[in-house]
Amino acid sequence: MTDHHDMSFTERVRKLIATIPPGQVATYGQIATHAGNPRAARQVVRVLHSSTDKYHLPWHRVINSKGQIGLKPGQGYELQRAMLIDEGVTFDEAGRIDLKRYLWSP
DNA sequence: AACCTGACTTCGG
DNA sequence: TCCGAAGCCAGGT
């Protein structure tokens with residue numbers, strides 16, 4: 001049968017990330033869920049590492065389920081935060097993004 | 001074909 | 001609400 005998704009989990013993840021619009025964010029788990037496996041959130045991280053440059057993915061729009069940036073200070077945290085703020089996303093005092101407001105809904 | 005990795009998530013205290 | 005432990009998994013080695 002023609003499973004219209006004749007592509008790997010990784011490919012689906014790439015496509016999903018590519019569709020997150022500016023000013024919105026998606027969680028690793030959310031991407032994993034839509035890619036077919038709710039429990040493969042960690043795999044999304046791997047895809048980000050391996051495909052961001054090659055496919056020009058909007059990597060900065062992917063955050064964790066707590067609404068926070070996963071990267072550590074000095075490891076990309078500042079850049080991601082700046083890029084999101086530049087798109088209009090706001091952070092609270094604890095560095096959290098209001099998912100009710102900015103979470104992407106595919 | 002095991003073993004390792006990691007920008008995670010969930011759950012209990 | 002915060003923290004730690006445990007669970008999870010696709011792809012790379």
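This is a predicted model: local features need pLDDT of at least 70, side-chain atom pairs count only at pLDDT 80 or more; totals for chains, interfaces and linings use all residues.
Residues are numbered from 1 along each chain as its sequence is written, chains are lettered from A and ligands numbered from 1 in the order in which they are written, and side-chain values use heavy atoms, with hydrogens and water left out.

Chain A contains 5 helices and 2 strands, where helices (H or I, at least four residues) and strands (E, at least two) are DSSP runs numbered from the N terminus. Along the sequence these elements follow the pattern α-β-α-α-β-α-α. The C-alpha trace spans about 50 × 25 × 20 Å along its principal axes. Among contacts with a separation of 6 or more in chain A, 58% are accounted for by residues 24 or more positions apart, a contact being heavy atoms within 4.5 Å.

The accessible surface of chain A amounts to about 6700 Å², and 51% of this belongs to carbon and sulfur atoms; accessible areas come from the Shrake-Rupley method with a 1.4 Å probe, and for residues only the protein chains shown count as cover. Of the 106 residues, 38% count as buried, with buried meaning under 20% relative accessible area, exposed over 50%, and partly exposed in between (1.4 Å probe, protein chains only).

Helix H2 (residues 28–35) has Tyr 28, Gln 30, Ile 31, Ala 32 and Ala 35 as its buried residues, and their cover includes helix H1 (9–18), strand E1 (26–27), H3 and E2. Just after H2, Gly 36 adopts a positive phi of about 120 degrees.

Chain A carries 14 positive and 10 negative side chains, the centres of the two sets lying 6 Å apart; Lys and Arg count as positive and Asp and Glu as negative, while His and the chain ends are not counted, and each charge is placed at NZ of Lys, CZ of Arg, CG of Asp or CD of Glu. Across the whole structure, 2 salt bridges are found, each defined as a side-chain nitrogen of Lys or Arg within 4 Å of a carboxyl oxygen of Asp or Glu. One of them joins Arg 61 and Glu 87 at 2.7 Å, N to O. Because Arg 61 lies in the loop between helix H3 (41–55) and strand E2 (62–63), and Glu 87 in the loop between helix H4 (77–86) and helix H5 (99–102), this pair ties together parts that are 26 residues apart in sequence. Arg 61 is buried at 10% relative accessibility, whereas Glu 87 is partly exposed at 25%. A salt bridge also links Asp 92 and Arg 96 at 3.3 Å, N to O; Asp 92 is partly exposed at 26%, and Arg 96 is partly exposed at 40%.

The loop between H3 and E2 also holds His 60, which is buried at 6% relative accessibility. Not counting residues up to four places away in sequence, His 60 touches Gln 80, Met 83, Leu 84 and Glu 87. His 56, found in the loop between H3 and E2, is by contrast exposed at 71% relative accessibility, and its phi is near 50 degrees, a positive value in a residue other than glycine.
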